[in-house]
Amino acid sequence: MKACVLYSGGKDSSLMGVTLHRLGFDVELCTANFGVYDSYIPASLSAESLGFTHKVLNLDFEILDKTCDMIMEDGFPNDGIKFLHESVIEEVANSYDVVADGTRRDDRTPKLNKNQIRSLEDRKDVQYINLDSFGFKTIKTITSNLFEFSYEKSNKDNSSDYEVEIRTLIDEKGGNSLDIFPEHYQTRVIGYKK
């Protein structure tokens with residue numbers, strides 16, 4: 001069964017990819033890109049280090065543009081990132097039997113609720129899988145035993161999450177992404193633990 005794991009190169013989506021692979025799924029690690037910045041490169045390197053196929057999902061710029069307008073209007077990223085994630089999932093659900101991501105129990109956004117998941121599965125005849133029963137501490141314990149990873153201040157050259165292109169486009173539109181997104185640190189998987 002063909003599974004698309006929405007992939008940032010981080011420990012959560014890497015764990016999802018490895019888990020589904022070990023369970024017998026034909027896994028492709030997929031990173032969304034909207035043509036603003038080559039944000040998929042760190043994820044591609046992480047996927048390669050784990051021995052997975054990596055696919056760049058070249059998606060419609062209008063989705064990112066609408067996302068950035070929402071975020072700039074709100075002055076806060078949550079609703080925009082949620083909209084973007086839902087749009088990406090809707091798109092990939094047209095091409096895969098299984099759509100998965102690394103969202104976990106204590107994530108606030110992006111995250112589908114149970115009704116959205118049921119609707120997606122019914123409308124698209126797809127299975128959706130996430131890490132919803134796992135919290136941050138559990139994921140940290142599991143992934144620390146499984147992966148080597150880097151831990152760095154987040155920037156556009158070490159991350160492949162949605163935020164990279166969102167920040168880039170907000171700044172291009174005359175906004176200041178630093179006012180919206182706080183400084184934070186990011187993990188990126190660089191291989192399996194030896």
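Residues are numbered from 1 along each chain as its sequence is written, and side-chain values use heavy atoms, with hydrogens and water left out. As the model is predicted, local features need pLDDT of at least 70 and side-chain atom pairs count only at pLDDT 80 or more, while totals for chains, interfaces and linings use all residues.

User: How much space lies in the largest pocket?
Analyst: A pocket is an open set of points on a 1 Å grid over the protein atoms alone, where a 1.4 Å probe fits, with protein on both sides within 12 Å along at least five of seven lines. Its volume is the space filled by probe spheres set on the points, which are joined across faces, edges and corners. For the largest pocket this comes to about 1,400 Å³.

User: Which residues that line the largest pocket are the closest to its centre?
Analyst: Lining residues have an atom within 4 Å of a point. The largest pocket has 40 of them, and the closest to its centre are Asp107, Thr109, Pro110, Asp161 and Gln186.

User: Which element gives the largest share of the lining of the largest pocket?
Analyst: Helices (H or I, at least four residues) and strands (E, at least two) are DSSP runs, numbered from the N terminus. Elements that each supply at least two lining residues include helix H1 (11–22), strand S2 (26–33) and strand S4 (98–104). The largest share, 4 residues, comes from S4.

User: Which residues of H3 are buried?
Analyst: Buried means under 20% relative accessible area (1.4 Å probe, protein chains only). Helix H3 covers residues 61–74. The buried residues are Ile63, Leu64, Asp65, Thr67, Cys68 and Ile71.

User: Is aspartate 125 buried or exposed?
Analyst: Aspartate 125 sits in the loop between helix H5 (114–124) and strand S5 (127–131). Exposed means over 50% relative accessible area. Because aspartate 125 has a relative accessible area of 70%, it is exposed.

Key. The expected span of a helix is 1.5 Å times one less than its number of residues.
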